[in-house]
Amino acid sequence: MFFNKLKENLKKTKESLDIKMSNIFSNKKDIEEVIDEIEETLILSDVGFETSTKICNNLRKDLKKQLEKDEKAIKTLLRKEMTDILMAEEIDKVDSIELNQKQVILVVGVNGVGKTTSIGKLTKLYTKAGKKVLLAAADTFRAGAIEQLEVWAQRNNVDIVTGKEMQDPASVIFDATKKFSESGTYDVLICDTAGRLHNKKNLMDELEKMKKIIDKNIGEDIHKETIMVLDATTGQNGAIQAKLFTEKTDVSGIFLTKLDSTAKGGVVFSIVDELKIPVKYIGVGEQIDDIEKFDAKAFVEAII
Ligand SMILES: Nc1nc2c(ncn2[C@@H]2O[C@H](COP(=O)(O)OP(=O)(O)O)[C@@H](O)[C@H]2O)c(=O)[nH]1
Ligand SMILES: [Mg+2]
């Protein structure tokens, strides 16, 4: 059931990858040629050059040790190598949502990637797990951004700290962290942020300031995370954008959005392989329940 839903959501990526793969196998060629074509297919499906090469080099090694070299055997090994890439960056042993500890989550990423929507979805997951969530609307730069988060707060029936439009976003984080620690009744604080990319330096400085305030106002006993939201439809460009954030901020996990509307889902592999950050969640639609905890094995099996 869950698995079929994931397959359906990743249909575009599956079509792009799986059909091309089937074509490779349908024209009988020698094994080297097959692997070369697999490599090419992976690159064309946004897996990225380096990561595709790595997967195929490993595949060659695997095949040397193995007698059967038919389509089924090759595909099984390919799936294993692709899963290994995704599992190389281990997600915390205990899922954040199940974590029996208070936590503060800073959500970062450029404009339009889906930060606010993803916060709405995460709030539902945490609420469903019995946690009391507080939201902070620290994207004060974009008209309507505060109201947008307010709508998600209402949908989830949770409290929210807001400021005025154009107010210093760090002051919203200040108020929210104060409320979180003074009230003592909240389990999770999720902070929305602005993502203006036309001014990289300012954006990074702002994020740094927010992190400092969180560290100052929130005790060490509280679990802290920075989730970077990336838009899968931007493929390799998004992966490059992401580097910018990881250079300056300590990103603990990735929320990859819009996998329902792209054939570029292959980008997951290069993101994990090159950024060395685990993907924690994926977004598969615009609605509140269109979220999945990332499962490397299920993901690979849904696309190939
Ligand atoms: N198809 C699809 N659309 C999404 C997903 N996540 C967000 N969106 C849409 O992307 C657009 C930008 O989202 P928003 O949350 O405002 O992005 P933000 O600027 O980063 O806060 C909105 O139209 C969302 O509905 C997703 O997983 N799938
Ligand atoms: Mg937003």
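The model is predicted.

Start with a loop. Asn 157 lies between helix H7 (145–156) and strand E3 (159–161). Its phi is positive, about 60°, although Asn 157 is not a glycine. Most residues other than glycine have a negative phi. Is Asn 157 buried or exposed? Asn 157 counts as exposed, because it has 9 C-beta neighbours inside 10 Å, and the cut-off for exposed is 12 or fewer.

Move on to the loop between E3 and helix H8 (169–183), where Met 166 is found. Met 166 is not a glycine either, and its phi is positive at about 70°. Met 166 is exposed, with 9 other C-beta atoms within 10 Å.

Now step back to the whole protein. It has twelve helices and eight strands. The radius of gyration is 21 Å, close to the 19 Å that the globule rule gives for 304 residues, so the protein is as compact as a globular protein of that length. Along the principal axes, the C-alpha atoms fill a box of roughly 65 × 40 × 30 Å. Buried residues make up 45% of the 304. Take the contacts with a separation of 6 or more: residues 24 or more positions apart account for 77% of them.

The largest nonpolar core has 86 residues. Which of them touch the most other members? They are Leu 135, Ala 136, Ile 173, Ile 190 and Cys 191. Leaving out residues up to four places away in sequence, Ala 136 touches Val 161, Val 172, Ile 173, Ala 176, Leu 189, Cys 191 and Asp 192.

Ile 173 is also a contact of Met 210. Met 210 sits in helix H9 (residues 200–217). Met 210 counts as buried, because 24 C-beta neighbours lie inside 10 Å. Beyond its neighbours within four places in sequence, Met 210 is in contact with Leu 106, Ala 138, Pro 169, Ala 170, Ile 173 and Thr 193. Lys 297 is another matter: Met 210 and Lys 297 are 87 residues apart in sequence and 35 Å apart in space, C-alpha to C-alpha.

Two further helices show how burial can be arranged. In helix H11 (residues 267–275), seven of the nine residues are buried, so H11 is largely enclosed by the rest of the structure. The buried residues run Val 267, Val 268, Phe 269, Ser 270, Ile 271, Val 272 and Asp 273. In helix H12 (residues 296–303), the buried residues are Ala 296, Phe 299, Val 300, Ala 302 and Ile 303. They cover an arc of only 165° around the axis, which puts them on the same side of H12.

Finally, the ligand. How many residues lie around ligand 1? There are 19, and Gly 114, Lys 115, Thr 116, Thr 117 and Gly 283 come nearest. Helix H6 (residues 115–128) gives the largest share of this shell, three residues. By type, the shell divides into three nonpolar, eleven polar and five charged residues.

Key: Residues are numbered from 1 along each chain as its sequence is written. Chains are lettered from A and ligands numbered from 1 in the order in which they are written. This is a predicted model: local features need pLDDT of at least 70, side-chain atom pairs count only at pLDDT 80 or more; totals for chains, interfaces and linings use all residues. A residue is buried if 20 or more other C-beta atoms lie within 10 Å of its own, exposed if 12 or fewer, and partly exposed in between; C-beta atoms are placed from the backbone. Helices (H or I, at least four residues) and strands (E, at least two) are DSSP runs, numbered from the N terminus. The arc is that of the directions from the helix axis to the C-beta atoms. The radius of gyration is taken over C-alpha atoms; the globule rule is 2.2 Å times the number of residues to the power 0.38. Two residues are in contact if their C-beta atoms, placed from the backbone, lie within 7 Å. A nonpolar core is a set of buried Ala, Val, Leu, Ile, Met, Phe, Trp, Tyr and Cys residues joined through C-beta atoms within 7 Å. A residue is near a molecule or strand if its C-beta atom, placed from the backbone, lies within 6 Å of it. Ala, Val, Leu, Ile, Met, Phe, Trp, Tyr, Cys and Pro count as nonpolar, Asp, Glu, Lys and Arg as charged, and the others, Gly among them, as polar.
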